[in-house]
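Visitor: Could you take me slowly through the sheet in this protein, strand by strand, and then step back to the chain around it?

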Amino acid sequence: MSLHNQTVICLLDDEFEDLELWYPVYRVREEGVKVLYAGPVKGKTHIGKYGVPATADLSYDELNSAAIDGLLVPGGWAPDKIRRYPKVLEIVRELNEQNKPIGQICHAGWVLISAKILHGRKVTSTPGIRDDMENAGAQWFDEPVVVDGNLISARRPPDLPEYGQAFVEALRARG
């Protein structure tokens, strides 16, 4: 099934984990998905932890959940910044309510915690935020990828192949 008509948003801010941003983006682009970056300011370039830049195609305020088929949240230190924007939390909640795929890896769980969508959900993350995930009401597993409905979560870069595949499968399932 072609995914050419789908659009995925990847959230940006400074100090994202480079591999956790670029690998999933390339993986879904290989399937024909249009991926746009959203950051605090449209046109601003953000630098990953290892120096790889990514430029916001849209500002957070321009996001509209009706026009989004899926969301990718990279790890690194960016999620701690990203979760401070009310519009991001609103979009995450709306996408969750619409049962659209939300991918999060490593520290990206912080964004989902702040959006208050993890209660009763099964997830994984970097072990460093396990307590945060559990305190938000999630059931945490030490596995490469955990899929619970529309939530696709992964621990860290070695899990990227399984994470990318699971996210693509979730997009495909929505058709």
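Guide: Strand β1 (residues 7–11) and strand β2 (residues 34–39) run parallel to each other and are joined by five bridges, where strands are DSSP runs of E with at least two residues, numbered from the N terminus, and two strands pair if DSSP finds at least two bridges between them. Within this pair, Cys10 has Tyr37 of β2 as its bridge partner. The model is a predicted one, in which local features need pLDDT of at least 70 and side-chain atom pairs count only at pLDDT 80 or more, while totals for chains, interfaces and linings use all residues. Residues are numbered from 1 along each chain as its sequence is written, and side-chain values use heavy atoms, with hydrogens and water left out.

The two strands belong to an open sheet of seven strands with mixed pairing, in the order β5-β2-β1-β6-β7-β11-β10. Because β5 (58–59) and β10 (145–148) each have a single partner strand, they stand at the edges, and one side of each is left without a neighbour in the sheet.

Further along the sheet, strand β7 (residues 102–105) runs parallel to β11, and four bridges join them, with Gly103 facing Ile152 of β11 as its bridge partner. Strand β11 (residues 151–154) is covered on both faces, since Leu151 and Ser153 on one side are buried, as are Ile152 and Ala154 on the other; buried here means under 20% relative accessible area, with a 1.4 Å probe and protein chains only. With β10, by contrast, β11 pairs in the antiparallel sense, again over four bridges, and in this pair the bridge partner of Asp148 is Leu151. The hairpin of β10 and β11 has two residues between the strands, and there Gly149 takes a positive phi near 65°.

Stepping back, the protein chain has six helices and eleven strands, the helices being DSSP runs of H or I with at least four residues. Of its 175 residues, 57% count as buried. Among contacts (heavy atoms within 4.5 Å) with a separation of 6 or more, 65% are between residues 24 or more positions apart. Along the principal axes, the C-alpha atoms fill a box of roughly 35 × 35 × 30 Å.

Note on methods. Buried < 20%, exposed > 50% of the residue type's maximum accessible area, 1.4 Å probe, protein only.
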